Amino acid sequence: MTTWLTFLADQGANISDDATPRVSSFGAEIPGETAKTNFVTPLTHLGLIAASGEDAANFLHNQLTNDVEHLGSKEARLAGYCSPKGRLLASFLIWQTADRIMLQLPRELQATIQKRLQMFILRAKAKLADVSEEYVMLGVAGPAAASALMPWFPTLPVAIYGKVDNEAGTVIRHSNAFDVPRYQWITTVDQAIEAWPHLTEILQASGADAWQLAEIDGGVPHITAATQEQFVPQMINFELLGGVNFKKGCYPGQEIVARSQYLGKLKRRMLHASVTATQVAAGTEIFSVDDPDQPCGMVVNAERSGADTTDCLVEIKLAATDSAVHLGSASGPLLSFQPLPYPLTDPAA
């Protein structure tokens, strides 16, 4: 294990033993309860690609759904990477450092997405590097998050996806979840090890499930291996979250994404749902009782929220919500839809 993973194991972390190590918990915690209070979690399940070189911004601008050339130094943005058919291969959080553009995505996709992007660099003066081991990413949430971060960041970003940089690293503000503020701290291994005792005096050390559950409550989707090439960005509300710029130039799949935006009312969207089930995986199909033989949508992300319940983000035909919707089959567990923290607006609205 790396120095950081070894340190976490010594602190009592339960870490999956695979190619994309994930901190599942610190002891017997309940993610649904932890996510609603003060917690800090290592985001070891996320990877980082760094793009450098004088053409890096232009190269990424021509590949991703969002504007990279005008990415400000005090902000982060969501961005998607689509197939030529306009289907998402990956979703990123992107930001700038002094000399690089960082792309954060699920670690299980990092190698294949980096390799695919590399294929299109051609003569551009740009380089891509896997820097996942160079940094530690911490999710920090709760009413006490600001005071926990204050020794390193006396001033925190206020706007959603606002960013502050100093010698301690980078802090990015995330959308509130469960009515509490959230931040991500990107720093060095040494700094994270030094800060951990202070952070865990104020915040509960937690597994990544609490952060992912908070992302679901915030209505923020993540493309994973199970859902690659399943969704046009609007099908998972990505443009509502600022992940698509419709005024920028071409990128793979741009024509289809634009057509989906401007050809009338959107018929598929992403909703928040809960279900009495414990083994719910991204990519699981969902079914309406009115049309039991055909799936009406798919689970985008899912996390346990209690002893026998799971919260999900599901992509669904909006017409199907007029009837009962079930997980896995028309006779599977019933989905209970919950409100999203943002309105589902149409392009013409």
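The model is predicted, so to speak for itself: local features need pLDDT of at least 70, side-chain atom pairs count only at pLDDT 80 or more, and totals for chains, interfaces and linings use all residues. Residues are numbered from 1 along each chain as its sequence is written, and side-chain values use heavy atoms, with hydrogens and water left out.

View 1. Of its 21 lining residues, R22, E108, Q212, T224 and E303 are the closest to the centre. A pocket here is an open set of points on a 1 Å grid over the protein atoms alone, where a 1.4 Å probe fits and protein lies on both sides within 12 Å along at least five of seven lines; lining residues have an atom within 4 Å of a point.

View 2. Helices (H or I, at least four residues) and strands (E, at least two) are DSSP runs, numbered from the N terminus.

View 3. T2, W4, L5, R107 and E133 are the closest to its centre, out of 22 lining residues.

**View 4. α1 gives the largest share of the second largest pocket's lining, three residues.** α1 (3–10) and β9 (136–141) each bring at least two residues to this lining.
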